[in-house]
Amino acid sequence: MLYRIKNNQLLMQILKFGVVGGGAFLIDSGLLFLLTEYLHIYVLISSVISFVVSLIFNYILSIFWVFDVKKKQTVKDVLFFSFLSAIGLGINQIVMYVGVEILHVYYMICKLGATFIVMVYNFISRKLFIEK
């Protein structure tokens with residue numbers, strides 16, 4: 001019985017993570033497109049800005065809804081989350097750079113690949129390090 005409850009809780013957590021991630025993706029990709037196409041900001045700079053904005057959205061909902069962290073967030077908690085997120089940003093930027101600058105793939109397609117890779121990294125790292 002306990003095993004079934006744990007599996008249901010994990011499934012709900014994954015679904016919530018998907019909803020939050022979907023919202024963050026819309027913010028990230030929408031802002032990336034807006035900054036790049038309409039404000040003519042270089043795609044790798046736009047990518048950093050959009051990633052950080054979506055990260056703030058993701059952080060707030062991840063802490064309070066997905067992982068339901070009960071304790072008050074300390075400066076140490078926020079710094080640790082920021083460290084994990086900086087790794088995610090690095091992954092994002094590497095994928096974007098390789099895709100856009102080396103392989104000459106349309107940046108929005110590169111963003112899809114980067115988002116998937118970072119999403120998997122984020123769930124695993126937050127599950128292991130933040131939820132405990």
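Helices here are DSSP runs (H or I, at least four residues), numbered from the N terminus.

Before moving on, note that residues are numbered from 1 along each chain as its sequence is written. This is a predicted model: local features need pLDDT of at least 70, side-chain atom pairs count only at pLDDT 80 or more, totals for chains, interfaces and linings use all residues, and side-chain values use heavy atoms, without hydrogens or water.

**Colour by confidence.** pLDDT is the predictor's confidence in each residue, from 0 to 100. The chain averages 88, and 90% of the residues score at least 70. Helix α1 (residues 2-38) has the lowest mean pLDDT among the elements of the chain, 87, while α3 has the highest, 92.

**Select α3, residues 75-102.** Now pick out the buried residues of α3 (buried: under 20% relative accessible area, 1.4 Å probe, protein chains only). Among them are F81, L84, L89, M96 and V100.

**Select the aromatic pairs.** The whole structure holds three (ring centres of Phe, Tyr or the six-membered ring of Trp within 6.5 Å; planes under 30 degrees apart are stacked, over 60 edge-to-face, the rest tilted). Show Y59 and F81: their centres are 4.3 Å apart and their planes at 65°, so this pair is edge-to-face. Y59 sits in α2 (residues 43-66) and F81 in α3, so the pair ties together parts 22 residues apart in sequence. Both Y59 and F81 are buried.

Next, show Y106 and Y107. Their ring centres are 5.0 Å apart with planes at 55°, so the pair is tilted. Y106 is partly exposed at 45% relative accessibility (the class between buried and exposed, which is over 50%). Y107 is buried at 8%.

**Finish on the surface.** Select F80, F83, I87, F116, I117, M119, V120, I124, L128 and F129. They form a nonpolar patch with about 910 Å² of accessible area together. Patch members have over 30% relative accessible area and no salt bridge, and nonpolar side chains (Val, Leu, Ile, Met, Phe, Trp, Tyr) are joined within 5 Å. Both α3 and α4 (107-129) supply at least two residues each. α4 gives the most, with seven. End on M119 in α4: M119 is partly exposed, with a relative accessible area of 36%.

Conventions: Patches are made of residues with over 30% relative accessible area and no salt bridge: like charges are joined within 9 Å, nonpolar side chains (Val, Leu, Ile, Met, Phe, Trp, Tyr) within 5 Å. Accessible areas come from the Shrake-Rupley method with a 1.4 Å probe; for residues, only the protein chains shown count as cover. A salt bridge is a side-chain nitrogen of Lys or Arg within 4 Å of a carboxyl oxygen of Asp or Glu.
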